[in-house]
Amino acid sequence: AALPPGIVRVRLEGESARDLAALLPTPPGVAIVTGPDAYPGNRLYLTVAILGEGQARALPGGGA
């Protein structure tokens, strides 16, 4: 399915994947909408919103 503008599906892989996932919502206007969901092999899947700061705070998870 097509994603709406500003929404990105992300796959992280490797030993530092969790560290990067924890940093993703740090900048203003970035929010993790779903996930991270863990899979074998140090893989994480998540959906990220890249929006204006006010819009990101309105999403589940609260954004930055």
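The model is predicted, so local features need pLDDT of at least 70 and side-chain atom pairs count only at pLDDT 80 or more, while totals for chains, interfaces and linings use all residues. Residues are numbered from 1 along each chain as its sequence is written, and side-chain values use heavy atoms, with hydrogens and water left out.

**Whole chain**

Start with the cartoon view. The chain has 2 helices and 3 strands, where helices (H or I, at least four residues) and strands (E, at least two) are DSSP runs numbered from the N terminus. Along the sequence they follow the pattern β-α-β-β-α.

Then show the surface. Of the 64 residues, 22% count as buried. Buried means under 20% relative accessible area, exposed over 50%, and partly exposed in between (1.4 Å probe, protein chains only).

Among contacts (heavy atoms within 4.5 Å) with a separation of 6 or more, 54% are between residues 24 or more positions apart.

**The core**

Select Val10, Leu12, Ala17, Ala21, Val30, Ile32, Leu44, Leu46 and Val48. These 9 residues make up the largest nonpolar core, a core being a set of buried Ala, Val, Leu, Ile, Met, Phe, Trp, Tyr and Cys residues joined through side-chain atoms within 4.5 Å. Colour strand S1 (7-13), helix H1 (17-23), strand S2 (30-39) and strand S3 (43-50): these elements each give two or more residues to the core. S3 gives the largest share, 3 residues. In soluble globular proteins, nonpolar side chains tend to be buried together.

**The salt bridge**

Next, select Arg11 and Glu13. They form a salt bridge, with the closest N and O atoms 2.4 Å apart. The rule asks for a side-chain nitrogen of Lys or Arg within 4 Å of a carboxyl oxygen of Asp or Glu, and the count is 1. Glu13 is exposed at 53% relative accessibility, whereas Arg11 is partly exposed at 46%.

**The aromatic pair**

Last, select Tyr39 and Tyr45. Rings of Phe, Tyr and Trp (its six-membered ring) pair if their centres lie within 6.5 Å; planes under 30 degrees apart count as stacked, over 60 as edge-to-face and the rest as tilted. The count is 1 aromatic pair. Tyr39 and Tyr45 form it edge-to-face, 5.1 Å centre to centre with 85° between the planes. Tyr39 is partly exposed at 45% relative accessibility, and Tyr45 is partly exposed at 28%.
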